[in-house]
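Subject: Structure handover

Hello,

Here is the structure I promised you. Please open it and keep it on screen while you read my notes below.

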Amino acid sequence: MARARIELAIGLCVGLTCGGMGCGPVVLTLEDVVLLPERASVFVAQLERETPFGVRNALEDQRVTFWLGNQFVGTARTDAEGLARLVSDAEHSVTADTARAGATLGFQRVRAKRPVYRWNPDRVIVAVDIDHTISRTDHASVLLEEVDTQSTPLPGAIEGVEMIQSELHLLYLTARPSFLREKSREWIALHGFPAAPLIMPPHTSALLDQAETKRKILTERREFLPNLLIGIGDKASDAIAYSSAGMLGIILAPLEDSPELPNVVVMDDWSRIVEFFAINAETLAAPERLADLLEREAVAELVIPIRPEDVLQAG
């Protein structure tokens, strides 16, 4: 009789838990952390609960703790999207190479760890899109396969991104929702692209208005990364996002598709992008000079690579 009562009590507790906060596993993801000397740093984590349907539910008003190596940084509470953001201007350890986040919900304790990127404050930062910018994306493979084996790098993309990282700072910015974070990181590493911070929106709703989603992300990040001045993408929404965020937009598209937006140029392949960076290196690698050009909306002062076939087509 006593055992039956205990089992009934446990069943009621489980039922209440699954009907309220949920009974799936809690998932904590942490963004890569960028540190710049004498500037505030941003720590961003997302706390969610898995559901039986493969969808994650955001966990609001939960405490997340952030660490840099063994140094305690601070805590933040999650918002309606499950995001905990902590802005810290404290002096950080010069030796730590990892950032950590942690949270506890009931009996579930979750931890996450990501690399720390220590960047030169005098270097320009370039945001690079993934889908159809560096990847010929097979969306079914991205969404349905455990490992995306069908998406392949665009010709020249690996070499182009390597060139950018050798001279400037690099981050990946995609409208893919955050549940694809690990799969995206795996694809980047699998194909030999340089390791760099990966920024993603929190939910699939971002796909409905990618221009506004990326504009908001870029505007927020530029507050702490003022040298985030160049973006590379493939769609009109990318052009709108980069232009409205005050950046130089380089759009990978047919030359005739050039949008009439300030500070946007169109390149038809990665080899032309590489040439563009090489020809304009003195401006594109100088934050103050590039920022002045963008402020004046004077991208016409940059040299656009011209090939013999361009002249023939124009004729």
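Start with Phe-43, which sits in strand β3. Is Phe-43 buried or exposed? Its relative accessibility is 0%, so Phe-43 counts as buried; the cut-off for that is under 20%. Asp-32 is eleven residues away from Phe-43 in sequence, and the two C-alpha atoms are 8.2 Å apart in space.

Please remember that this is a predicted model. The mean pLDDT of the chain is 88, and 87% of the residues reach 70 or more. Take care with residues 1–21, where the pLDDT is below 50. Beyond near neighbours in sequence, that stretch has six contacts in the model.

Now the aromatic rings. A pair of aromatic rings is described by the distance of the centres and the angle of the planes. How many aromatic pairs does the structure hold? There are four. One of them joins Phe-43 and Phe-66. Their ring centres are 6.0 Å apart, the planes make an angle of 50°, and the pair is tilted. Phe-43 lies in strand β3 and Phe-66 in strand β5 (residues 63–68), so this pair ties together parts that are 23 residues apart in sequence. Both Phe-43 and Phe-66 are buried.

Look next at Trp-67 and Phe-72. Their ring centres are 5.3 Å apart and their planes stand at 70°, so this pair is edge-to-face; the cut-off for that label is over 60 degrees. Trp-67 has 28% relative accessibility, so it counts as partly exposed. Phe-72 is partly exposed too, with a relative accessible area of 44%.

Last, the largest pocket. Its volume is about 380 Å³. The lining of this pocket is made up of 24 residues. Which of them lie nearest the centre of the pocket? They are Glu-81, Arg-85, Pro-201, Pro-202 and Ile-217.

By type, the lining divides into ten nonpolar, six polar and eight charged residues.

Best wishes

Definitions and conventions: Residues are numbered from 1 along each chain as its sequence is written. This is a predicted model: local features need pLDDT of at least 70, side-chain atom pairs count only at pLDDT 80 or more; totals for chains, interfaces and linings use all residues. Side-chain values use heavy atoms; hydrogens and water are left out. On a 1 Å grid over the protein atoms alone, a cavity is a set of points where a 1.4 Å probe fits but cannot get out, and a pocket is an open set with protein on both sides within 12 Å along at least five of seven lines; lining residues have an atom within 4 Å of a point. Grid points are joined across faces, edges and corners, and a volume is the space filled by probe spheres set on the points. Ala, Val, Leu, Ile, Met, Phe, Trp, Tyr, Cys and Pro count as nonpolar, Asp, Glu, Lys and Arg as charged, and the others, Gly among them, as polar. pLDDT is the predictor's confidence in each residue, from 0 to 100. Contact means heavy atoms within 4.5 Å. Helices (H or I, at least four residues) and strands (E, at least two) are DSSP runs, numbered from the N terminus. Buried means under 20% relative accessible area, exposed over 50%, partly exposed in between (1.4 Å probe, protein chains only). Rings of Phe, Tyr and Trp (its six-membered ring) pair if their centres lie within 6.5 Å; planes under 30 degrees apart count as stacked, over 60 as edge-to-face and the rest as tilted.
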